[in-house]
Structure formats: C-alpha cells, structure tokens
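Dear colleague,

I am handing over a structure for your records. Please look it over before reading the notes that follow it.

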Amino acid sequence: AGVGLGLKSLASDKPESPDALTPPSPIRGQKSVMGLACEPLEKVRIGIIGLGMRGMEAVERLLYVEGVEIRAVCDVLPERVIQAQKIVTDRGNQLPAGFAEGENDWMNLCRREDVDLVYICTPWELHTPNAVFAMRQGKHAAVEVPAALTLKQSWELVDTAAMRAPTAVSPIRFHTEESARFRVSGLRRGQHWLMGTPAVAD
C-alpha cells in the first residue's frame, strides 16, 4: 500500500492502441538522456514515498548503504510513518521528517530542500505521476517496478528527465506489451535504448 494522489486523471491512463507507436516530438531545448549522469554526491539524502511492504523494506535496506541518509518518509497511514521513523532512529540515525497528512502530502516531501532523491514505493498507477512531480522539483527519482504502465507514461518519464537533467528517473523495468511499444517508439524517434545501458536481462 502507498500514497494516494488526489488527481484521478493522472492515475487512469487507458492503454494506447497497438498502432500508437509514433513518439512525441522532442521538446525545444531538450537534451538526450543517453549517457545521462550527474555529479557525485558525498551524501545522498533520501525521501521515501509509500511505506507498505516494499517501502518498509527499502527503509531497512537503505540504512546499510554508506553515504545514505533517510531524511523523510511518507504514507497515507500515520502508523506506518511512525514505524519507519522508529526503524531509522533505532539505528542511531536522525529522526526523519514524517508526512501523513492526507493523499497529497507526498508532494510536500518532494519539495523539501534537504532531499536529493525520492524513492517511490507507491501503488503502480502512481509511479509515473510521483516520479514526474519529484523530478520537476529538482529531485532524482528512483521508482519501484514498474516505472510506467503505458507508452505515454514511458515517454513522459524520458522527456521530464531530459528537460530536468541532471535529474534522472531510475526505472527498474517496464511490463507487458507497453515495454516493446516504447522501444519501437524510441527507435522511430532516433534514440536507441533511451533508458541507458542494460545491466541485467532475462
């Protein structure tokens, strides 16, 4: 379980037609995301949205990573926020800010100046809207699977990352036929493997 959005239209994209492979035109001033990179950070300050099973596991896991600080946590259920905060402080770390004031409080987490990266563990239909909003606030966005559900959302992630460089979305993988359509669409736009260099495939 995770965070609500409060904007129904953003979470209700209908699957595109199989013939809808024509990619959107690049935005003026947009850079390619091929080889997209950013300057290294001495410390990566993370805010986590969605504290269900995946999100709570992320809190536990990230605390073992050197150079990482969990600065904020968010869920629609206040008890989950309290649980996540306790996990962090029990390891001797600073109390992260908590966000549980309704379905849109995740946006306030994204606006924080002390957060470099937003880790998104919300329900699938919210992954793209969450990531796009985070990037528009100047944050890096890491998204649990799937990063996008539709071809339209896939391009929205790419185009937002390209316009907000060096901010980058980090999708783990795409699902179903939309993945293939996205890649074909990318070739039609003249960009090969838009999301970077694959490290693992099956």
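This is a predicted model: local features need pLDDT of at least 70, side-chain atom pairs count only at pLDDT 80 or more; totals for chains, interfaces and linings use all residues.

Residues are numbered from 1 along each chain as its sequence is written, and side-chain values use heavy atoms, with hydrogens and water left out.

Helices (H or I, at least four residues) and strands (E, at least two) are DSSP runs, numbered from the N terminus.

The helix pair

The axes of α1 (residues 53-62) and α2 (residues 78-90) come within 9 Å and cross at roughly 15°; such axes are lines fitted to C-alpha atoms over the stretch in contact, with angles from 0 to 180 degrees between N-to-C directions. The two helices are therefore roughly parallel, a term for angles under 35 degrees. M56 lies in α1 and is buried, with a relative accessible area of 10% (buried means under 20%, with a 1.4 Å probe and protein chains only). The C-alpha atoms of M56 and Q83 are separated by 8.5 Å, although these residues are 27 apart along the chain.

The strands

Strand β4 (residues 117-120) and β5 run parallel and are joined by 4 bridges; two strands pair if DSSP finds at least two bridges between them. Within this pair, I120 stands opposite V143. In β5 (residues 140-143), H140 and A142 point one way and A141 and V143 the other, and all are buried. Together with helix α4 (residues 127-136), β4 and β5 make a right-handed β-α-β unit, meaning that, with the strands pointing away from the viewer, the path from the first strand over the helix to the second runs clockwise.

The peptide bond from V145 to P146 is cis, with omega near -15°.

The nonpolar cores

A nonpolar core is a set of buried Ala, Val, Leu, Ile, Met, Phe, Trp, Tyr and Cys residues joined through side-chain atoms within 4.5 Å. The largest has 23 residues, of which W106, L109, C110, V118 and L157 touch the most other members. Helix α4 gives the most to this core, with 5 residues. A second, separate core of 18 residues includes I70, A84, V88 and L117.

Yours sincerely

Technical notes. Buried means under 20% relative accessible area, exposed over 50%, partly exposed in between (1.4 Å probe, protein chains only). Angles under 35 degrees count as roughly parallel, over 145 as roughly antiparallel, 65 to 115 as roughly perpendicular and the rest as oblique.
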